[in-house]
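Please look over the sequence and the structure below before reading the briefing that follows. The notes are grouped by topic.

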Amino acid sequence: MKTSLTLVLLFAAIVNGKLTSKKGDRLVKKQSEKAQERKLWWRGGGKGDKKDKDKDKNPVVPPTTLPKVDFLEAKITSGNYKYKDLFGWVELVREDNGGKLIINYDIRNGPVQCNDCKLSIHHSRNCRPSELGWAVWDTRETENPWTVSNGAKYVTNSNGRSAGFIKIFNGVGLTKHKCLSVALFDSQKGTKAFNGQTPIACGILMAEGQDDC
């Protein structure tokens with residue numbers, strides 16, 4: 001009787017041990033899978049990959065080729081109380097042979113009947129008179145072309161209106177004028193070249209579609 005009871009208890013212990021072992025194996029396997037998922041999260045290649053999420057936040061944009069600059073244009077605004085209503089535009093292109101700059105302009109409400117008012121391009125990315133700097137030309141290619149005697153001028157009528165074009169050779173490529181300032185000056189009578197004269201109006205040369213420099 002005692003032997004039979006002992007055998008029954010022994011059999012029950014064995015069965016219970018196997019069941020416990022199987023349950024433990026499943027638990028260990030499940031914990032191992034979770035640990036593997038956590039590794040994959042940081043190393044990449046798993047569900048919810050962190051690297052992929054970072055790529056989505058900061059996508060790599062392939063480099064683009066900048067379009068060729070065919071012309072530059074500046075919106076001209078007044079910088080002088082005497083000509084507070086002055087406005088207009090200046091457009092800069094280059095001759096087909098890569099020679100002279102062609103400067104087209106349209107100015108309103110400027111000096112009246114001026115035949116020696118100067119227009120020039122300067123080494124400045126803003127229109128502050130104190131920072132205008134010297135006019136732009138390559139001293140290895142030419143002497144200062146930005147003088148009235150060399151044709152760097154605009155001529156106005158009795159209403160202060162001026163529209164036309166001038167040709168200037170300064171030895172500098174068209175694209176290198178981008179973001180530089182175009183300055184308009186009053187009559188040059190009694191002045192020598194730039195000589196610290198304050199411009200009456202100014203604008204910044206920009207390419208088509210460009211918003212700022």
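The charged end of Lys-118 sits over the ring of Phe-185, at 5.0 Å from the ring centre, where a charge sits over a ring if NZ of Lys or CZ of Arg is within 6 Å of the ring centre and within 35 degrees of the ring normal. This is a predicted model, in which local features need pLDDT of at least 70 and side-chain atom pairs count only at pLDDT 80 or more, while totals for chains, interfaces and linings use all residues. Residues are numbered from 1 along each chain as its sequence is written, and side-chain values use heavy atoms, with hydrogens and water left out.

**Aromatic rings**

- There is 1 aromatic pair in the count, with rings of Phe, Tyr and Trp (its six-membered ring) pairing if their centres lie within 6.5 Å, and with planes under 30 degrees apart counted as stacked, over 60 as edge-to-face and the rest as tilted.
- Because the planes of Tyr-105 and Tyr-154 stand at 70 degrees, with ring centres 6.5 Å apart, this pair is edge-to-face.
- Tyr-105 belongs to strand β3 (residues 101-108) and Tyr-154 to strand β5, so that the pair links distant parts of the chain, 49 residues apart.
- Tyr-105 and Tyr-154 are both buried, a word that here means under 20% relative accessible area, with exposed meaning over 50% and partly exposed lying in between (1.4 Å probe, protein chains only).

**Strands and sheet**

- The protein chain has 2 helices and 8 strands, taken as DSSP runs numbered from the N terminus, with helices being H or I of at least four residues and strands being E of at least two.
- Read from the N terminus on, the elements follow the order α-α-β-β-β-β-β-β-β-β.
- An open sheet is formed by 8 strands in the order β5-β4-β7-β8-β1-β2-β3-β6, with antiparallel pairing, where two strands pair if DSSP finds at least two bridges between them.
- At the edges of this sheet are β5 and β6, each of which pairs on one side only.
- Strand β2 (residues 87-94) pairs with β3 in the antiparallel sense over 8 bridges, and Val-90 stands opposite Tyr-105 in β3.

**Disulfides**

- The structure holds 3 disulfides, each being a pair of cysteine sulfur atoms within 2.5 Å; counting bonded cysteines along the chain, their pattern is 1-2, 3-5, 4-6.
- In general terms, a disulfide is a covalent bond between the sulfur atoms of two cysteines.
- Cys-114 and Cys-117 are joined with their sulfur atoms 2.0 Å apart, and because the torsion about their S-S bond is about 115 degrees, this disulfide is right-handed.
- Both of these cysteines are buried, Cys-114 at 6% relative accessibility and Cys-117 with a relative accessible area of 0%.
- A disulfide also joins Cys-127 to Cys-202, with 2.1 Å from S to S, and at -75 degrees about the S-S bond this link is left-handed.
- Cys-127 lies in the loop between β4 (117-122) and β5 (153-154) and Cys-202 lies in strand β8 (residues 201-204), so this pair ties together parts that are 75 residues apart in sequence.
- Cys-127 is partly exposed, with a relative accessible area of 33%, whereas Cys-202 is buried at 6%.
- Between Cys-179 and Cys-213 the sulfur atoms are 2.1 Å apart, and the torsion about this S-S bond is about -95 degrees, so the disulfide is left-handed.
- Cys-179 lies in the loop between β6 (162-168) and β7 (181-187), while Cys-213 is in the segment after β8, so the pair ties together parts that are 34 residues apart in sequence.
- Cys-179 counts as buried at 5% relative accessibility, whereas Cys-213 is partly exposed, with a relative accessible area of 42%.

**Surroundings of Ile-204**

- Ile-204 has its place in strand β8 and is buried, with a relative accessible area of 18%.
- Leaving aside neighbours within four places in sequence, Ile-204 is in contact with several residues, including Cys-127, Cys-179 and Cys-213, where contact means heavy atoms within 4.5 Å.
- The C-alpha atoms of Ile-204 and Cys-179 are separated by 5.6 Å, although these residues are 25 apart along the chain.

**The chain as a whole**

- Of the 213 residues of the protein chain, 33% count as buried.
- Among contacts between residues at least 6 apart in sequence, 63% join residues at least 24 apart.
- The protein chain exposes about 14,600 Å², of which carbon and sulfur atoms supply 54%; accessible areas come from the Shrake-Rupley method with a 1.4 Å probe, and for residues only the protein chains shown count as cover.
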